[in-house]
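Please look over the sequence and the structure before starting.

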Protein chains: 2
Amino acid sequence: MDFKLEHTDKSSKARAGKIVTDHGEISTPIFMPVGTVGSVKGVSHQDLEREVNAQIILGNTYHLYLRPGLGVLEAAGGLHKFSSWDRPILTDSGGYQVFSLAENRKLTREGASFRSHIDGSKHMFTPEYAVDIQRIIGADIIMAFDECPPGTAEFDYAKKSLDLTQHWLERCIKRFNETEPKYGYSQTLFPIVQGCVYPDLRRRAAEHIANLPSEGIAIGGLSVGEPAEVMYEMVSVVNEILPKDKPRYLMGVGTPENILENIALGVDMFDCVMPTRNGRNGMLFTSEGIINIRNVKWKDDFSPIDPNGLTFVDKRYSKAYLRHLFISAEMLGPQVASIHNLGFYLWLVAEARKHILQDDFMQWKDVMVKKLSKRL
Amino acid sequence: MDFKLEHTDKSSKARAGKIVTDHGEISTPIFMPVGTVGSVKGVSHQDLEREVNAQIILGNTYHLYLRPGLGVLEAAGGLHKFSSWDRPILTDSGGYQVFSLAENRKLTREGASFRSHIDGSKHMFTPEYAVDIQRIIGADIIMAFDECPPGTAEFDYAKKSLDLTQHWLERCIKRFNETEPKYGYSQTLFPIVQGCVYPDLRRRAAEHIANLPSEGIAIGGLSVGEPAEVMYEMVSVVNEILPKDKPRYLMGVGTPENILENIALGVDMFDCVMPTRNGRNGMLFTSEGIINIRNVKWKDDFSPIDPNGLTFVDKRYSKAYLRHLFISAEMLGPQVASIHNLGFYLWLVAEARKHILQDDFMQWKDVMVKKLSKRL
């Protein structure tokens, strides 16, 4: 992987860059749609490419490990071939899902044992195994195995957790360096800065990782229950320390507003289930504000879903029709809302990039942030 | 509406023709995807046009009347505008759904009163109102209001039912002739041949309708529980009587095999929920036979879903990946299967047409029918 920092906004820390992987280029800042088990829920690959313009998607190691499982993934030649997706893929390490989804979790210095939330079967992830699994999945960008404590964790717990994460990180790096990609293209390992909501721990984690020879760096353990202001403070603390020549990936964030604020703080990559999950529930993000499409006010509003939207659904379907699909529990409703929301997120980061390159990002951002959270 | 009979197969009654409506042309024989409430379940309009190549879709009057309701449909300028579908639409009359879905049904010579299956509200459909509703929905082809008795109905019941259907038909025609289309394009009313599984009743119904000045004729009340051989017999009886210069629409049929056999008997138009409903359950129709995609045998079969298929899903996705989507309960599974199945049905009728025009339909049909019901 290669990263070129193209420009930094003159009045903020917002950055425009280019990531090059063996599966193609990614313009940053970028939003990555989440394809949990190798499918972005409700959106075909063709619509992801042509309508949403997704440049990279995310897969979840925990889910893929359980289904379809490593045997099928390896026989297919990795997740790209299995899911017929030729553009870049990033996988998380499985840690977050083990702690949020799996049952009978038990954490030791060795790793995390758990039972599958699907069939109760017993498994154990270690840092080494998390790397091995991600070698088999074959994502372009893979993540170190970490513990992600809740946003409300006490300092003592957070400190011990960070100790463990740092120990695991060293084992991940060792395993990564000892192993080779399986499918003839490069993979790169991002370490993850943890440290909960404690600036001292975040600084310590960032300094440790800044000195490692990785090609990119993730910031984890945020947007897990803490106030947005605390998230921004932690990102600021961390980004002051992280090297400028590596892309920074803020995991699991967030609302359109969160994304713009974090771009202003120098974050380059984002992922979140919000556009698809909220879309499936009838919540649309637009450049003018948020729409609850089930609201009776849209019943006979025959104007397009989003006249400024770039996907075919935005101009083709009316608000009244989309509301009707949701009220009638038609599958097409969640599909349309997911395409719209992902298209909007990708539009938002592309606009951000444009304004960074024009050096007027902050003015644009301040106007947008006011609009984005308005309820229409 | 205009119908041109282009060719009749030399060794069967199979016909190739062209229907012209104000929303475009339809090559027959044709299959019409079912868009119950104005959406073909799980398939975007773009995929219907570009991938499935749907030439006409069907809407259900009962469902559309209840949701979004006539007020919204009329304010939108009809179902075409409401659902942003520019190609032809056909609507049924609501009768079939009143008898299969609604609650507290009560049938009189005047019409059918019922309670909504959604909210229990009370309604009454008369032949006149069924025409009025379909004027508001604005489909290109609309249906007469009829009673559709079960396939197991006794002769006496079937005879009385046919008397009622004929009485209702006269009232439908009267109302249709007294009213105008609302949106500036033509509508045409198809009468429906009923008569259950009784050749005498079918003949009587066909003779009655053959003498009416409609532009097309529907055959209803089949594929409702009777054996396929009985359905074919009834269609033969009816088609001997119906005029050759009008398209014949066999309502609610059926499997790929049913469709080919009825094309051989001179049917021109079909609709059925089977490709989408069975698709959502993981059953795929292909030119080599039927696939239950949940079967473990596809677990590591990385060959395309259907190498002969015309839609993008057929070649892009593997059987193993589609199985994984179904096993993991991903929305994309039913979506992909629906696109595939509809694409297959449209391919099947297009191939049938080609072989009719080449005068080798029967040879092709006999080979295909053997393959179509094979379990792969």
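**Exercise 1. Identify the residues that line the second largest cavity, and describe the lining by element and by class.**

Ser287(A), Asp306(A), Asn308(A), Gly309(A), Leu310(A), Thr311(A), Asp314(A), His340(A), Gly343(A), Phe344(A) and Trp347(A) line the second largest cavity. The model is a predicted one, in which local features need pLDDT of at least 70 and side-chain atom pairs count only at pLDDT 80 or more, while totals for chains, interfaces and linings use all residues. Residues are numbered from 1 along each chain as its sequence is written, chains are lettered from A and ligands numbered from 1 in the order in which they are written, and side-chain values use heavy atoms, with hydrogens and water left out.

A cavity here is a set of points, on a 1 Å grid over the protein atoms alone, where a 1.4 Å probe fits but cannot get out, and its lining residues have an atom within 4 Å of a point. The volume, which is the space filled by probe spheres set on the points, with grid points joined across faces, edges and corners, is about 70 Å³ for the second largest cavity. Turning to the elements, where helices (H or I, at least four residues) and strands (E, at least two) are DSSP runs numbered from the N terminus, α14(A) gives the most to this lining, with 4 residues. By class, the lining of the second largest cavity has 3 nonpolar, 6 polar and 2 charged residues; Ala, Val, Leu, Ile, Met, Phe, Trp, Tyr, Cys and Pro count as nonpolar, Asp, Glu, Lys and Arg as charged, and the others, Gly among them, as polar.

**Exercise 2. Describe the largest cavity by its volume and its lining.**

A search of the whole structure finds 6 cavities of 30 Å³ or more, and the largest has a volume of about 90 Å³. Its lining comprises 14 residues, of which Asp47(A), Gln335(A), Ile339(A), Ser44(B) and Gln335(B) lie nearest the centre. Two or more residues come from each of α12 (312–316) and α14 of chain A, together with α13 (332–357) of chain B. The most is given by α14(A), with 4 residues, and the classes in the lining of the largest cavity are 6 nonpolar, 6 polar and 2 charged.

**Exercise 3. Determine how α14(A) and α15(A) are oriented to each other, and list the residues through which they meet.**

The axes of helix α14 (residues 332–357) and helix α15 (residues 361–372) of chain A come within 8 Å and cross at roughly 155°. Axes are lines fitted to C-alpha atoms, for helices over the stretch in contact, and angles run from 0 to 180 degrees between N-to-C directions. Angles under 35 degrees count as roughly parallel, over 145 as roughly antiparallel, 65 to 115 as roughly perpendicular and the rest as oblique. The two helices, α14(A) and α15(A), are therefore roughly antiparallel to each other.

With contact taken as heavy atoms within 4.5 Å, Phe344(A), Trp347(A), Leu348(A), Glu351(A), Ala352(A), His355(A) and Ile356(A) in α14(A) meet Phe361(A), Trp364(A), Met368(A) and Leu372(A) in α15(A). By class, this contact of α14(A) with α15(A) has 9 nonpolar, 1 polar and 1 charged residues. In the loop between these helices lies Asp359(A), which has a positive phi of about 60° although it is not a glycine.

Methods
On a 1 Å grid over the protein atoms alone, a cavity is a set of points where a 1.4 Å probe fits but cannot get out, and a pocket is an open set with protein on both sides within 12 Å along at least five of seven lines; lining residues have an atom within 4 Å of a point.
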